[in-house]
Amino acid sequence: MSTLGAIINFFLQWYVWVPIVLLLAFLTWRNWRKVEAVNEVESDLLILEIPKTNDKQELAAEQLFASLHGILRDRQELRANAGVQEHLSFEIASVNGQIRFYTWVPKTLRSFVESQIYSQYPTVQIHEAEEDYVAHEREHSVIHTAEIVMTDNEVLPIKTFQNFEVDPLAGITGTLAKLETSGEEIWVQILVKPIADDWHKSSEHWISKIRSGEKDILKGGAAAWIGGAFEALWKPPEEGKTTTVAKELSDRDKTRIAEAEKKATKLGYRVKIRLAYLGEDTTSARQRMQAIVGTFKQYNSTNLNGFK
């Protein structure tokens with residue numbers, strides 16, 4: 001009890017809690033500035049009309065996102081903009097029986113984004129949407145939402161277009177096409193925000209851990225982390241063991257390392273994938289959401305990464 005009392009008494013001292021309060025106040029103020037800056041952003045919702053005769057290869061999309069990475073702000077620009085980095089959103093929506101492709105952009109970036117899309121897809125037609133389709137949520141009694149996340153560490157890649165013999169987008173649009181006469185809606189929103197080129201350091205750290213055989217204590221959750229911390233307290237130090245034995249990598253680990261190194265050469269984005277279903281029946285909502293989530297699993301790989 002004396003130890004517990006000493007700890008409580010320590011945290012009650014002004015020189016302990018005053019810095020903590022000041023730090024929390026600063027973090028609150030900084031987050032408030034970011035929220036204000038985001039709310040003040042004027043934006044446009046653009047409709048992309050892609051002709052059926054589009055013969056552009058998948059590599060054009062990779063080049064498009066490489067050029068769009070140019071919206072990345074450096075540190076000085078971030079400080080002047082309350083630490084806010086603009087993002088873009090590429091969306092597919094089945095609304096009123098029609099499948100449409102959208103791009104949400106900050107108004108200040110519209111000209112740049114349009115020029116980059118035209119450079120890779122010259123035949124596409126871009127015009128501003130007359131209304132935001134998300135306003136339709138008031139017309140439906142049942143709304144289900146979900147967010148797609150990764151199945152493994154983000155340094156590992158998913159399956160890309162080089163691994164497909166057919167257009168993987170067809171699986172997504174095929175699911176949306178089933179809603180043509182049902183009055184239901186499904187929205188797919190892919191939000192992307194460029195990140196600095198030093199993101200590959202996390203990949204290097206992950207690779208070094210795999211090669212050394214080091215366990216990822218965070219992978220087991222908080223319980224594993226706490227257990228490891230207590231074990232370090234009572235476990236006596238081991239003397240005379242200074243020799244490090246290199247771990248013999250399995251074929252699976254060799255493949256994962258090679259693919260992680262390949263991914264680390266690409267420009268980085270922070271990505272969030274959101275799904276929404278709008279209809280009138282809860283049972284149909286579960287079935288439709290299960291179907292659209294299932295279409296993203298075509299990008300999964302058993303030894304690399306995927307979606308869930």
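This is a predicted model: local features need pLDDT of at least 70, side-chain atom pairs count only at pLDDT 80 or more; totals for chains, interfaces and linings use all residues.
The chain contains 10 helices and 7 strands. Of its 308 residues, 30% are buried. Among contacts with a separation of 6 or more, 81% are accounted for by residues 24 or more positions apart.

Two packed helices are described by the angle between their axes and the distance between the axes. For helix H6 (residues 169-177) and helix H10 (residues 282-296), the axes come within 8 Å and cross at roughly 170°. Angles over 145 degrees count as roughly antiparallel, and H6 and H10 are therefore roughly antiparallel to each other. Their crossing is right-handed. On the H6 side, the contact is made by Gly171, Ile172, Thr175 and Leu176, and on the H10 side by Ala291, Ile292, Thr295 and Phe296. Classified by residue type, this contact of H6 with H10 comprises 5 nonpolar and 3 polar residues, with no charged residues.

Leu176, one of the H6 residues in the contact with H10, is also a partner of Ser94. Ser94 is located in strand E2 (residues 88-95). With a relative accessible area of 1%, Ser94 falls in the buried class, for which the limit is under 20%. The side chain of Ser94 reaches the backbone oxygen of Leu176 at 3.4 Å. Apart from neighbours within four places in sequence, the residues in contact with Ser94 are Ile99, Leu176, Leu179, Glu184, Glu185 and Ile186.

Note on methods. Residues are numbered from 1 along each chain as its sequence is written. Side-chain values use heavy atoms; hydrogens and water are left out. Axes are lines fitted to C-alpha atoms, for helices over the stretch in contact, and angles run from 0 to 180 degrees between N-to-C directions. Helices (H or I, at least four residues) and strands (E, at least two) are DSSP runs, numbered from the N terminus. Angles under 35 degrees count as roughly parallel, over 145 as roughly antiparallel, 65 to 115 as roughly perpendicular and the rest as oblique. A crossing is left-handed if the near helix is turned anticlockwise from the far one by less than a right angle, and right-handed if clockwise. Contact means heavy atoms within 4.5 Å. Ala, Val, Leu, Ile, Met, Phe, Trp, Tyr, Cys and Pro count as nonpolar, Asp, Glu, Lys and Arg as charged, and the others, Gly among them, as polar. Buried means under 20% relative accessible area, exposed over 50%, partly exposed in between (1.4 Å probe, protein chains only). A polar contact is a pair of N or O atoms within 3.5 Å; within protein, one must be able to donate a hydrogen and the other to accept it, and residues adjacent in sequence count only if both atoms are side-chain atoms.
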